[in-house]
Amino acid sequence: MVALLGHSKAGSAVVSYAAARGGGGGRGGSKEEDEKKKKDVDGEEEEKEPETTAADPLFVPLIINVAGRFDHADRAAIASRFGDDIFSRVREEAEDQGAGGVPFTWRVGSRKAKKEWRLTAADLADRLGTDMGALCGQLPAETRILCIHGTEDATVPPSAAVRYREAAVEGAEAKSRSLLFPPRVVMVEGADHNFTRREKADELVEAVVAFVAEGLRE
Amino acid sequence: MKIFTFQSISPHLMRLHYAPTAAMAGNATPRALLRRRVEFPSKEKGVNLVGELVWPSDERSSLVQSSMPATSSTLTTSASEKTLPVSVLAHGLADDRDSFLLPRLAEELALRIGVASLRFDFRGNGESGGAFRFGNAATRDGDPADLEAAVEFLLRGEHEEEP
């Protein structure tokens, strides 16, 4: 495995995946699990060299985050998608009808198929509780991360790319170590969330191909 | 020689310049693309994920697992024993493996720098099983669990079986 690329929601997912290779487990596991993991990690650190990622068969050296959201707790972003009353609607559904979720029908996927799904209180809580900054701080030192974002992204704030980089650098500094490969940021001037315009798509592709090619050479 | 430049919105942002790599330069003849629909288990019991592998072929199509160390594990073509690095390309909310620029990225990575890729539908999306969920982008048992399932599938080498 050389590279993992995720767009938008999966941009956050690939960073979380990478963080888990550094001993981070993401958030959302049971408390017991988290504590057990913490003990395991502490134990490893005492016994072994800190370089544990090489032993993780799931380690992927190149991580490419395209237009991934950094601030998942931004309530305004959720309200703009579902309406300002979404938080009270989900809460009331959970209280009155047992947390099955508020139903939505969306057109999804490349074929725009009709999809009925439910926004549950648990999923909303997961979203609000997702801390990409903490996850960035758990990235293995060997991970090479590239964040690409369009400057005209109206879905996810373009500032996310820089925030990922800053969180990764600060997280490493907090552990008194440094990343072997400082995170890279490529801002594509004028690109929207989906890099819709052909020339913007071209810029994205060039950035990805160049980053992977460079990673393969080294 | 082509040089690509990305404009920066702020001076501390990276400027990316690059020229075609040796691998690209040595690849004057366009290679053919090979594709295979694949299905593999997710981390959720009884739920399968569906995806497509794309890889370049200038020799033989059969993919054989490399015996290289895990951190650099690659696919190899059986005829040449040439290693073929592999990537995973993942889609966003309410998308699927053919959304965004993922199919194009798969083709360009394969044809230009010889990198294979797996695109798959997250649980509850596209052809994959399971429930469609909001959130869960970064939680261990959310989307990252599907990424782990995809990487493990590639490392197991089950995709190598010829029909």
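Between which two elements of chain A lies the loop in which A:Ala67 is found?

Analyst: A:Ala67 sits in the loop between β2 (62-66) and α3 (75-82) of chain A, where helices (H or I, at least four residues) and strands (E, at least two) are DSSP runs numbered from the N terminus. The model is a predicted one, in which local features need pLDDT of at least 70 and side-chain atom pairs count only at pLDDT 80 or more, whereas totals for chains, interfaces and linings use all residues. Residues are numbered from 1 along each chain as its sequence is written, and chains are lettered from A and ligands numbered from 1 in the order in which they are written.

The backbone of A:Ala67 has a phi near 55°, a positive value in a residue other than glycine. A:Ala67 is also buried, because 30 other C-beta atoms lie within 10 Å; a residue counts as buried with 20 or more other C-beta atoms within 10 Å of its own, as exposed with 12 or fewer, and as partly exposed in between, the C-beta atoms being placed from the backbone. B:Ala94, however, is partly exposed, because 18 other C-beta atoms lie within 10 Å.

β1(A) and β2(A) run parallel and are joined by five bridges, and two strands are taken to pair if DSSP finds at least two bridges between them. Within this pairing, A:Gly6 stands opposite A:Asn65 of β2(A). The sheet is an open one of eight strands with mixed pairing, in the order β6(A)-β5(A)-β2(A)-β1(A)-β6(B)-β7(B)-β2(B)-β1(B). Its edges are β6 (184-188) of chain A and β1 of chain B, each with a single partner strand, so one side of each is left without a neighbour in the sheet. From one strand to the next the twist averages 20°, angles being taken from 0 to 180 degrees between N-to-C directions of axes that are lines fitted to C-alpha atoms, for helices over the stretch in contact.

The two chains meet in this sheet where β1 (residues 3-7) of chain A and β6(B) pair in the parallel sense over four bridges, with A:Ala3 having B:Ser87 as its bridge partner in β6(B). Further along, β2(B) and β7 (residues 116-120) of chain B run antiparallel and share four bridges, B:Gly51 being partnered by B:Phe120 of β7(B). B:Gly51 is also the bridge partner of B:Val38, in the antiparallel pairing of β1 (residues 32-41) and β2 of chain B, which has 10 bridges. These two strands form a hairpin with six residues between them, and B:Gly46 in the turn has a positive phi of about 80°. β2 (residues 48-57) of chain B is mostly covered, since seven of its 10 residues are buried.

Helices complete the picture. α3(B) lies across β1 of chain A together with β1, β2, β6 and β7 of chain B, and runs at about 155° to β6(B). In chain A, α1 (residues 9-21) has 13 residues and reaches 19 Å from its first C-alpha to its last, close to the 18 Å expected at 1.5 Å a residue, the expected span being 1.5 Å times one less than the number of residues. α1(A) is mostly covered as well, with 13 of its 13 residues buried.

For the contact between the chains as a whole, 58 residues of chain B are in contact with 62 residues of chain A, contact meaning that the C-beta atoms of two residues, placed from the backbone, lie within 7 Å. The elements of chain B that give two or more residues to this side are α1 (22-25), β6 (86-90), α2 (102-113) and α3 (143-156), and α3(B) gives the most, with seven residues. The residues on this side of chain B divide into 32 nonpolar, 15 polar and 11 charged, where Ala, Val, Leu, Ile, Met, Phe, Trp, Tyr, Cys and Pro count as nonpolar, Asp, Glu, Lys and Arg as charged, and the others, Gly among them, as polar.
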